[in-house]
Amino acid sequence: MLFDTHVHLNADQFEDDVEEVINRAKEAGVSEMVVVGFDEKTINRALELIEKYDMLYAAVGWHPVDAIDMKDEHLVWLEELAAHPKVVALGEMGLDYHWDKSPKEVQKEVFRKQIQLAKKVKLPIVIHNREADQDIVDILEEEKAEEVGGIMHCFGGSVEIAERCLKMNFYISLGGPVTFKNAKRPKEVAKHIPMDRLLIETDCPYLAPHPYRGKRNEPAYVKLVAEEIAGLKEVNVDEVANTTRENAKRLFGINR
């Protein structure tokens, strides 16, 4: 069985066929998924989905691109949502230096506030990192994020950065890019990271794995990520599937 730790079934791209997408995931062997909400609209939609589907859980947070839109009441709301039995993490949160909607200093402040909240409510965090490796790791270390740990979502950094994250109680999650022929870094990371610290994800509808690159991604394709990692680590795909699932359940506190 497979655990897709990062899906956006709450995105507009799935508005017309989310039921069929979930059924295809089940047929592909996916047993659990975490739906990630990162603003008011996507958080509310994530909550609707986890109430409807037993296999779905949620992470709720504020995306760094939209950090400039976050208000104090949103932080209060996230704290309230953290009490929901199927909300298993805070995020995605972090830094994104690719888009310039939110100034870097605003992003950093919102990131720190969410880490502090996670420590208060004792939930792991899901990290979004785009072109901000050093600042991400520095802030995690300064805020003592190892107290809650979490996931380096769709990790694209170096082995060295991954090692610093492992020391802070974080798991390294790999998605579609690990299957790309020219993806040197994710492949190196997949080989290097111990199996008991790896997670798999799709980040659907984005970053579809080969041979679906450029098309809408969906949770059923997480099996292709597991197969690629199995090949890189020279182990059976069932070992990757089962171990990453157990890792996810342990991190999220899921006992079923």
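Which strands does helix α5 lie across? In this predicted model, helix α5 (residues 133-142) lies across β4 (87-96), β5 (125-130), β6 and β7, and runs at about 155° to β5.

Let's start with the sheet itself. Its 8 strands form an open sheet in the order β1-β2-β3-β4-β5-β6-β7-β8, with parallel pairing. At the edges stand β1 (2-7) and β8 (198-200); each has a single partner strand, so one side of each is left without a neighbour in the sheet. From one strand to the next, the twist averages 30°. For a closer look at one pairing, take β6 (residues 150-152) and β7 (residues 170-174), which run parallel and are joined by 3 bridges. Here isoleucine 151 stands opposite tyrosine 171 in β7.

The largest nonpolar core has 75 residues, and Leu9, Leu56, Ile125, Leu140 and Ile172 have the most contacts inside it. Helix α8 (residues 222-233) gives the most to this core, with 6 residues. A second, separate core of 15 residues includes Phe3, Leu251, Phe252 and Ile254.

His74, Trp77, Leu78 and Leu81 are buried. These residues cover an arc of only 100° around the axis, which puts them on the same side of α3. Their cover includes α2 (40-52), β3 (56-60), β4 and α4 (104-121). Turned away from that buried side, the other face carries the exposed residues Asp72, Glu73 and Glu80.

Finally, the charged side chains: the count comes to 19 salt bridges. In one of them, arginine 245 meets glutamate 32 at 2.6 Å, N to O. This pair links helix α9 (residues 237-252) with strand β2 (residues 30-37), 213 residues apart. Arginine 245 is buried, at 17% relative accessible area, and glutamate 32 is buried too, at 2%.

Lysine 101 and aspartate 69 also meet in a salt bridge, at 2.7 Å, linking the loop between β4 and α4 to the loop between β3 and α3. Here lysine 101 is partly exposed at 40%, as is aspartate 69 at 34%. A further salt bridge, at 2.9 Å, joins glutamate 228 and lysine 187. Glutamate 228 lies in α8 and lysine 187 in α7 (residues 184-192), so the pair ties together parts 41 residues apart in sequence. Asp17, Arg24, Arg216 and Glu218, in turn, are linked in a network of salt bridges.

Definitions and conventions: Residues numbered from 1 in each chain as written. Predicted model: local features only at pLDDT ≥ 70, side-chain atom pairs only at ≥ 80, totals over all residues. Heavy atoms only, no water. Pairing = 2+ DSSP bridges. Helix = DSSP H or I, 4+ residues; strand = E, 2+ residues; numbered from the N terminus. Axes fitted to C-alpha atoms, helices over the stretch in contact; angles between N-to-C directions. Contact = heavy atoms within 4.5 Å. Core = buried A, V, L, I, M, F, W, Y, C linked by side-chain atoms within 4.5 Å. Buried < 20%, exposed > 50% of the residue type's maximum accessible area, 1.4 Å probe, protein only. Arc of directions from axis to C-beta. Salt bridge = Lys/Arg side-chain N within 4 Å of Asp/Glu carboxyl O.
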